Amino acid sequence: MKIVVIPGDGIGPETVAVAVDVLKAASQRFDLGLVFEHDIAGHDSLKQHGATVTPALLEKVKAADGLLLGPMATYDFKDEAKGEINPSKFFRKELDLHANIRPARTYPGMKPRLGEFDLVVVRENTEGFYADRNIESGNSEMQITADVVVSLRRITRFCCERIARSAFELAMTRKKHVTIVHKANVLKRGDGMFIDVCHEVGKEFPEVVVDDVIVDAMMAHVVRAPQRYDVIVTTNMFGDILSDLTAEMSGSLGLGGSLNAGREYAMGQAAHGSAPDIAGQDLANPISQVLSAAMLLNWHGQRKGDRKFIEAAAVIERAIADSIAAQECTRDVGGKLGTRESGVAMVKRVAA
Ligand code: ATP
Ligand code: MG
């Protein structure tokens, strides 16, 4: 399996380095034959190549089996014509990574404020309210007059169907429960279709229990009783917001693993940003990036029907849980270790 590795900004170089070490240990133990191709994107690439991403990099990623991408600081990217493209967005769009899978769970050894839970947000990743990915020609926010802006939200049956299928397939490997989160009382047509299509796809999975919840009520329900949920499927913006909430509910943003998955390509990238406030100080929790890497292995194993990748992913996830239980982890999750030492603790367990 060939993986392109891009360190990204802020804490990225530190956390991605740990993820690569853990993958190397898994490769050795399970004979995965992982090959890493290191490259750059974002600010590094802008300096070196005059653009944050290059056509050559896209070709390289397409020729590989997966991408491990660090967080990208994008606040100062304003002009795409000047090569200032958000690499995360670029890969989601160019590789058609339609499903953003964001697990959130508590771990033994931490004291969860809201009780123990284990859920996954499955977020549609290619359309919806995001101005930068809706319409091929570019921007779907329109300045009508100096004082009026209209933002379009595109929902298609095609994208509803494939995200629903991703959610139900995932539910079959878990507790067989899918919750559809929507705002169909207001967005009657778009979210109306989203719900209908989710239920239609659900008929192909008769073992899975399905319910639906309005997004604002969901904020209360998920905080009150997160243990009620298993797989939550929702449109792009709702999923973006809800998954930050659930990641923080699990104890730390530093636990927020995330996979951007399509039919042919996938990208493991932590759910959080570049955390410049703690960058370069050996403080960042690498678990989010390590978990994202494990999800990439699992995706590859499922796609190729190769069990050793799926087993390796499970062993990495167990190494994360065991390291937290032994308090061999960073401060944000109750340990005393730095980023590097926390990585060593996971590598030891994966290699065992
Ligand atoms: P960006 O603009 O790239 O999104 P940000 O300043 O919004 O950066 P985030 O990465 O979104 O920062 O994270 C918000 C806060 O959560 C950070 O300031 C940091 O304190 C904390 N945080 C995020 N990721 C981690 C991590 N892996 N380990 C520990 N703390 C983290
Ligand atoms: Mg942020």
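Which residues in H1 are buried? In this predicted model, the buried positions of H1 are Gly 12, Glu 14, Thr 15, Val 16, Val 18, Ala 19, Val 20, Val 22, Leu 23, Ala 25, Ala 26 and Ser 27. The helix itself covers residues 12–30. Its 19 residues, at 1.5 Å a residue, should span 27 Å, and the separation of 26 Å between the end C-alpha atoms agrees with this. Directly after H1 comes Asp 31, with a positive phi near 55°.

The wider arrangement of the chain can now be considered. The protein chain is divided into domain 1, made up of 1–97 + 284–352, and domain 2, made up of 111–250. Taken over C-alpha atoms, the centres of domain 1 and domain 2 are separated by 25 Å.

The largest nonpolar core comprises 93 residues, and those with the most contacts inside it are Val 22, Ala 26, Val 122, Val 233, Val 290 and Ile 316. H9 gives the most to this core, contributing nine residues. Because domain 1 and domain 2 both give residues to the core, it lies between them. Ile 316 illustrates the packing: leaving aside residues up to four places away in sequence, Ile 316 touches Val 22, Ala 26, Val 290, Ala 294 and Val 350. Val 22 and Ala 26 are also among the buried residues of H1.

The surroundings of the ligand form a further part of the picture. Ligand 1 is surrounded by 18 residues, of which the closest are Gly 254, Gly 273, Ser 274, Ala 275 and Asn 285. By class, this shell holds nine nonpolar, seven polar and two charged residues.

Most residues other than glycine have a negative phi. Asp 96, although not a glycine, has a positive phi of about 50°; this residue lies in the loop between helix H4 (87–94) and strand S4 (99–105). Asp 282 likewise has a positive phi, near 60°, and is found in the loop between strand S12 (266–268) and H9. Asp 96 counts as partly exposed because it has 14 C-beta neighbours inside 10 Å, and Asp 282 counts as partly exposed with 14 such neighbours.

Gln 48, finally, belongs to helix H2 (residues 43–49). With 10 C-beta neighbours inside 10 Å, Gln 48 counts as exposed. Gln 48 and Thr 126 are 78 residues apart in sequence, and their C-alpha atoms are 29 Å apart in space.

How values were computed:
Residues are numbered from 1 along each chain as its sequence is written. Chains are lettered from A and ligands numbered from 1 in the order in which they are written. This is a predicted model: local features need pLDDT of at least 70, side-chain atom pairs count only at pLDDT 80 or more; totals for chains, interfaces and linings use all residues. A residue is near a molecule or strand if its C-beta atom, placed from the backbone, lies within 6 Å of it. Ala, Val, Leu, Ile, Met, Phe, Trp, Tyr, Cys and Pro count as nonpolar, Asp, Glu, Lys and Arg as charged, and the others, Gly among them, as polar. Helices (H or I, at least four residues) and strands (E, at least two) are DSSP runs, numbered from the N terminus. The expected span of a helix is 1.5 Å times one less than its number of residues. A residue is buried if 20 or more other C-beta atoms lie within 10 Å of its own, exposed if 12 or fewer, and partly exposed in between; C-beta atoms are placed from the backbone. Domain bounds come from an automatic or database domain assignment. A nonpolar core is a set of buried Ala, Val, Leu, Ile, Met, Phe, Trp, Tyr and Cys residues joined through C-beta atoms within 7 Å. Two residues are in contact if their C-beta atoms, placed from the backbone, lie within 7 Å.
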